[in-house]
Every structure is written in C-alpha cells, then in structure tokens.
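Please consult the sequence and the model shown below while reading.

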Amino acid sequence: MKTGMCELYAGMDLRTGRDRVALDGEWVFSYDPEDRGIRERWFERGDLPDTTIVPGCAQAQEHSSARMSVADYAALRAKANALDMKWPVVAPAWYRRSFKVPADWNSREVWLHLGAIMPAAELWLNGVSLGNSRSSRTPIRCNLTSVIRPGAENILALRFAWPEGPALEGCFDFCTPFSGPYRHAWVEAVAPAHVRELWIRTVGIDPPAIVAETIFAQAPASAARLTLEVRDAAGAVRWTAERTATPDADGVCRVSLALLGAALWSPTSPVLYTAHVILRDGGRELDRADARFGIREVRSSGDRIMLNGTPIYLRGGCDDHNYPETVCPPASREYYARRLRALKACGFNYTKSCHEVFTEEFLEAADELGVMVCQEMPFGLTQRRWTPEKCGRELDPAEADFLRREFAAIIRSRRNHPSIVIGATIGEISFDWMTESVHGFFGRELPLLWRALHPGVLVMDLSGTGGEWRGFTGRGPRVTDIIEECPGDSTRQEPLAHPLEPLANLDRPGIYHEYDWIASLPEPELKARYAGLPTLPSGIITLERAAKEAGQDEQLPLFVANSRKLKRFLQKEALEGARRNPRITGYHFWLVHAFSWCQEGALNEFWDLPEDIKVEEFYSWNSDVMILLDDNNRRTFQSGSSAPLGLQVSNFGSHPVSVPALAWQMLAKGKAVAEGRIVLPAIPCGALSASRPISLRFPAAEVPAQYEICVVLLENEKEISRNRWTCWTVPALKHGPWEEKIATDLPFVANAFPGIRPFKSGTAPSVPVVAANCITPALLDWVEQGGRLVAFSGALREYRPGQEYRPGQVHPADWTNSFSNLYRSSAWAMGPMGNMGTVMADHPALGGMPHDGWCQAPFVPLIHGTYPIVLEWFRPERIEPIIRSIGHQSTLVDKAYLFEVGVGRGAVLATSLRFNADEIWNHNPQTAYLLGALLAYAAGDDFHPGQTVPRKVFEQAITR
C-alpha cells in the first residue's frame, strides 16, 4: 500500500545478519478519545502523558489518557465482549519514540520492520506520512530511505485505530480487542537488492528434496550469484547448491537441492534444518537470509490423513488465544513452548486456531516440539457479515479484494513452518446462509488460492458448517481435502451412547469439530494468580458471587471438585468414543485450555498440567495407540453375571503392532479378582482392531460393588499402552414384606414390584406409603397427617413461564424444571442451563450404591433427559438433598434429583430420576435396584427426614 513518500509491504520474518537498531522497549503513549492527534500533529510534537512497552498492547496496562472510571471500564467490557480484560479501551491510540541510526547507513537503504501491529496503523517518520497498514496479522516492512536521518535523532509515530470498511474479524478483534505493536520492531540497513521472501518448499520425501524460492526487493545485477546452504541443528553445512541470482519470469529465483540422508519432520521426530541463502556480486556479499524448515509430506488417502506416508490421527485442542498475562499474544517462543509441552504431555499432537492465526513465535515452538497446526483465517468470527440476515447481499468487491490480499499475505509469511499441516478458510458458517458470490469466494476461490500458494498443506473450505459430512453441496463438489463437523447434536450428546454417526458417505478424512463440549465450574484457587495481571478472573468472580447469594459458600469447594470429576469422566468417554469410530481421523477439543469464564479446557487458562488427575492417565485416553473397551454402552451389571465386554486397539503409532497381546485384570479395592490374556493379530498403522471378548464373570454379591478393569497392551512383552475403566454390579432385585406397605398408580412401579398395591387418585390410602407422580391436595392432607409419599417426576420438557395448572391439582412434572435435562455439563457454560456436576450423600435410600460422592456412569440413563427439582422454590426453607445437581456458575440454582423432607407429621421422598423411561429398564439393572432401594427405604423405619417444611411452603414450591 502506498501513501505519502514510502511504501508499506506485507513481509515475513527472516533471520539475517543485517545491521539493525532495535525499537523494542519503552515508547511514549497516549489514547486519543477525541481524535485530536492528527490535527494537533502528535506525530512530531507534543508531550504524550503515558508510556507503554513494545512488543505489547495498550490494553496490558491502565493509562491516564483513557480518562475512564471503573464504571466506564465495566460498561466497556460488556459492550466489547471483553469479559476478562481490565482496560478494554478501543479509542485511537498513539505510540511514539525517538531513535538514531549510524551515520554510515547513508549509503544503504533503511527499512522499518514491524512484526505485527493491531488493528491497523498510520505511520509517520520525522513528520512525514509513511502510509497506513491494515495487515494486522503479518509483518510490515516500510522503506525509510528517503526520510531517515542517519546519525541524527529520528521520531517514529504510530496511530492505531479500528478502521472503517473492510476489516478482519478474529479472536484478536472480538474476544480480546487490543491495539499496539505486539511483536518485535526494528530498523535495518540493506543493499537495494536484498532478500524479501524465502520459502523452502518440500518437493519430495523419498528421497528428500527441496526448492528454495527467493524473492528480492530489487532484481540483482546480472552477474550476481545465489548460494544455498542447508545446515543441520548443530550448524554443520550438509548440502549446498548455487545458481545465478537472476529471477525467473515470475520474479522468483529458485534453487533445487536433493537432501540425501535427511530426516523427515513428524510429531515424534521434529527434525529441523536451516537454509542459508547468500547473495553475492563478484566477491562482495550483498545480503544473506536464513529460514528454518522441516521436510514432510501431508496428504489424504481415502478417509485417512497421511504424514510421510503413514496414517496419523489428529488429537487436537482448539486454541482461542487467551493470554491472561499479556492480553495480546506474547512475542516469546519459550512462552508457547511451555504451553505446547503441557499440551503434548496430555497426548495432544495437534492444535487449531479459532478464526485466528498463530504468531511466528508460536509456530517456531510448534515446529520444534512437533505439534501439528491448523491455521484458520480470521474471517467472520461473529458471523456479523455472513449471517442469514446479512448474506442476502452479494460480496462487496472492495471487501473481497481486502480479504484476498490479507489471505495471501498470511499464507506467504508462514510457509516455512512444517507444523502447519491444515489450512481452513472460514468456520462455523452454513452453506445455506451464503449467496452464490459469498460461497464462490470462501468455498472455492480461497481454497484454490491456498493450494496454489502453499501446496504442502491440506485445505479445508469451511469448518463446522452444521453437519455437512459430504463432499458436495447444492452448488456442486466442495473444494476441500478434509471435512470437519460436529458429531450429531453435540449440545445434547449422551455418554455411553456410542457408536457415533457411522458417516457412511464420508469420502475423505473427517475430523470432529469442537468436540466434547464439557465445562466444569471455574477454579477459585486460581484467583490469586490474577493479581497484578491485565485480566480479570471474571468466571471466578461470577461463581463466588452466585455462591454467596445462594448461601452455598461452604459447599463451593465440593461443587468445584465434583464438577471436575464429571468433566474428566466425560472427556475420557468422548475421546474413546471418537477412536471407536473407524471413519474419523481426528478431533479437536473446544478447548484445549480454559477461559476464566469457561472451564472447557483439558488445561486451565494458565496451561498448567492438571492437578485433579494424573497427566499419565489423561495421556492413556489420548495417545497414538489406545486400548478401547467395547462395553455395549453399559458399565453396570448384575452381580454374578457374565459381562459382554470386548477389547479393541486403535493404532496410529509410527509402526504396526506386530505381535500384540492384551493382559487384563479385574480389581476390587485394588486386589485382583480375575485376570487373563488375549493374543491379537497384528494391527497395521491406522487400523482399529476387531473387538475381542474377555472371559469376565462378576462375583456374586448381596450388596452393590465397584470394580476396575485394567488392561495393558504388550508387544514382545514390552508395554505399549494401558487403560482402565470403572464398572459396577448390583444384586438381583429382591422383593420383601415392605412391598405390602406401598400403594401406587404408576405402571413402572407396579410392573417391577407386583406385591405393591394399586392406588387410585382421589381415594384415601390404606397403606403407610404411596408412590405417585401427581400430588393432589387430598394426598397432601394425608401426608400432613402422617402419610409417606414417594413423589416421582419424569419431566422431559422445559419450563414455560406462565404455565397454567389445573385447579385443585399440582404436578411435580412442572416443578422439576431448571433448564438442565442433560447428564453432561452445558456447551460453553454461558447461560443458566447445564448440569455442572452432582453431589451424592451417603444415605440409606441409595441402597449402598458406590458413588465416590457424585453420580457416576450408573446414573447416566437416570439423569440424561430429565430435569432436576428446583429447591430454591422452597425458600426461605433450605433443603439439603440426597442427590444434588450443581447449578450453573452464574446462578448456582439450588436443585436436586433426590431429596426428602417432612411435611406435618408425614414425609416426602421426591425424585426426578428417570425411572419411568421404558427404554432403560432392560439394559440397566441399576434402575430396578435403585427404585427398590428408594421404596424399601420409604417403607422402613429409617425414613425420618431431618428437615421439615410447612405445608404452605411445600405447596407453593410445587405449584410455581
């Protein structure tokens, strides 16, 4: 872009030996909320009241020039969607500093390099306009030669402002809107003919071969020569080539070189080399530049992704660019290396940006550590321009030109990184929303442009479009190498309900998009980590406020711990479920890391290794070679029965498992009660072995029991992988004299217990206990006089405000609503819905069911699909439930699946567990066992609730 006297170029980061003057450090600074700076010529004079640090962003500290109060910041956070930013100011901002360059630079060209600036900036040097850049994700280079003053003081000024018209829309713009030079800055002296771009392109892996493509800022003299040296990690020159430096017809100077004996780059062996290009004219060296690269080949073959000819499974986590310490992405390779080491320790080998690009420092760390990357473009994060309401228009040519230019600049600046294996143009936008021109641009033109600019990656047209597991649309074949979608209705995905969609029509590699939406409560112990940071623990603040208002401060640590237990159980179940689908070749979590307000991540917002679970255990669910339990979607069995369990192995290691054996044990309280060994056929790379049954019989027992199945995969007696699962047994249903004390009008109770008497509503009970799901005033009269009521509710619908009730009758089905009829926690954890976990008390009503304080797998079919009972409607009376559903962090609504309470001289045992669902009875023996335990308890001598509420309070609560 050219304005004023100089030109701004989209550039790339190159390692060079050029003379340079660093511009990092302290700059003077001012916000300009009234936009006076240009008129008053702040670019060349005037005191700016604040200071700030480069690289960095203005929002990393408070500035007096913002002239904002605490209330102003709070309002701005809500308006800008910047939930965790302390100072999310979006007013125009000025950076200015003075610097000197050596006097002998007057014989060379002088260029300014800005690693990246956000969101856009106007530049001045010594009062002269250099132009305006809108390339907020790529390095910016600007020729200063005509305005620089060698040997004298120079004043560089940058004005940052959110531009009108076409703009990028990614995480940097929407989630954490920041401004400033967030990467390194410097000026350098160069010859006119110097290296502007250097791309090392892999053209073969057997044998390894590369082409070095060099673009010069100006064509060298005809006699100039270009030398290519390739060095290994120790710095030794291994291969060389040379040619004239005359560019080809397209302006590129290409040098081909075979690298015989070179190692290939992969996640398990991330070997890197450095290419040095040296430009000489006669005996004089004009310039040299380095580029680090890896040799690798990624392609698709059927429904598999092949890395260097071997199938690979993408075990990914989405990175939404959350930086609590800095707001903007730090310009530090080691910062990202620490994060990526934690990611790999948990078994992940892949990460994806969410509508955003990774910085050079991040990609350098990914290259070194062997983390594969999907680079998604910062287009349309909020879908403001591409929603159904907006997409009625055709694509604006000026916007298309801007996005096309930015798209190409982003790709070109990052092509040397072997870690980038997938490129996605845009995400989470349905094909159905698009006009022909919008679809043609994002769905065809840009994917084809990506293939042309960087043929070494797999290209995705659109990710997460809404269930389009097909390689075509109504507009014809898709231009995509990979299809990435959510598995079914991910917001309602039920555990132990595999297999997932068979995807029979999938004709290319398929990846699960934002897989496993599972959130736990925020972690209050992290609050102290935010002291002195430019970000807020907004989720923790919200949670603690909700706990205080709900009177649950003392229970909060237990709620947090149990919500984490639920998250880990669901993460393991989901990861194994993905691997059991033979058509899928990868997934990426949403998220690999947490936000303060959204604890979706495998890691917290500081990317710490998990403390609530051993990292080795997490890795066992998320590794190249995984052992899977083929359990027919059940984990609870009859005591003394034979279990129909099978074992499988998913092998995406670097070599076949040629002589596999599975050694298994069943443990009870850490002691083996059964064990065995299975020899399997060889398992090729990229294969899921056939399920092999294990001979397993659970011990007969009079009480429920918990067991652990532990399995180790061996190859020639060497351990390759291990995994473990918890399962439960319950004794056969027992009938007893207690049945004669109960009457019911519920078919599922009468069918399970023939000894229970029938009961008709409106008649006076002739027994001590009634089991019903409709509470009439007459039945409440009976309870108040000393009757015992077991109240059931299987409500499967949401509460409707203004619900009308039939006169004289109240329905537990209507007081069970709390917008959370899911066993799993809610997606995104952003609204009042969601079961964030459970708390179970040791209580005789549960019949001794092992539970570790929360509702584990036996309760999945009893919870998923029903709403807990809202206990807040009993206030000011407080009821401590037997099984609590932990409320959402923003409200902590007091709710339960099972509680007891006295009413007058009688008692009520109320439950919303899904006992009345026909489909769960034959497959889940715990259903009948728990139902029997509840009824036997209600008819027994121990049923004396410790809490009593007045009838009026009880009746008002259930008629809400």
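## Basis of the description

Helices (H or I, at least four residues) and strands (E, at least two) are DSSP runs, numbered from the N terminus. The model is a predicted one, in which local features need pLDDT of at least 70 and side-chain atom pairs count only at pLDDT 80 or more, while totals for chains, interfaces and linings use all residues. Residue numbers start from 1 along each chain as its sequence is written, and side-chain values use heavy atoms, with hydrogens and water left out.

## Helix α11

Helix α11 spans residues 777-784, and its residues L779, L780, W782 and V783 are buried, where buried means under 20% relative accessible area, exposed over 50%, and partly exposed in between (1.4 Å probe, protein chains only). Seen down the axis of α11, these buried residues fall within an arc of 155 degrees, so they line one face of the helix; the arc is that of the directions from the helix axis to the C-beta atoms.

The buried residues of α11 pack against the strands β49 (769-772), β50 (788-792), β54 (895-903) and β55 (906-911), and against helix α14 (951-958). Contact here means heavy atoms within 4.5 Å. After α11 comes G786, which has a positive phi, near 130 degrees.

## Helix α3

Helix α3 comprises 13 residues, 333-345, and reaches 18 Å from its first C-alpha to its last, close to the expected 18 Å at 1.5 Å a residue. The expected span is 1.5 Å times one less than the number of residues. Its buried residues are Y335, Y336, A337, R339, L340, A342 and L343, and they pack against β28 (314-319), β29 (350-353) and α4 (360-369). α3 is followed by G347, with a positive phi near 95 degrees.

## Nonpolar cores

A nonpolar core is a set of buried Ala, Val, Leu, Ile, Met, Phe, Trp, Tyr and Cys residues joined through side-chain atoms within 4.5 Å. The largest such core has 65 residues, and those with the most contacts inside it are F348, F362, F379, F442, Y512 and Y587. Helix α5 (residues 397-413) supplies the largest share of this core, 7 residues. Apart from this core lies another, of 50 residues, including F753, F792, L846 and Y897.

Not counting residues up to four places away in sequence, F362 touches D319, Y336, L340, T351 and V373.

## A three-stranded sheet

An open sheet of 3 strands has the order β16-β17-β20 and antiparallel pairing; two strands pair if DSSP finds at least two bridges between them. The edge strands, β16 (195-205) and β20 (253-258), each pair on one side only. From one strand to the next, the twist averages 15 degrees; axes are lines fitted to C-alpha atoms, for helices over the stretch in contact, and angles run from 0 to 180 degrees between N-to-C directions.

A hairpin connects β16 to β17 through 2 residues. The antiparallel strands β16 and β17 (residues 208-216) are joined by 9 bridges. G204 stands opposite A209 in β17, and I200 has A212 of β17 as its bridge partner.

## A five-stranded sheet

A further open sheet has 5 strands in the order β39-β46-β45-β41-β42, with mixed pairing. β39 (636-638) and β42 (671-679) stand at the edges, each with a single partner strand, so one side of each is left without a neighbour in the sheet. Neighbouring strands of this sheet are turned against each other by 30 degrees on average, direction ignored.

β39 runs parallel to β46 (residues 718-730), to which 3 bridges join it, and Q638 stands opposite V730 in β46. Helix α13 (residues 925-939) packs on the sheet, touching β39 and β46, and its direction makes about 75 degrees with that of β39.
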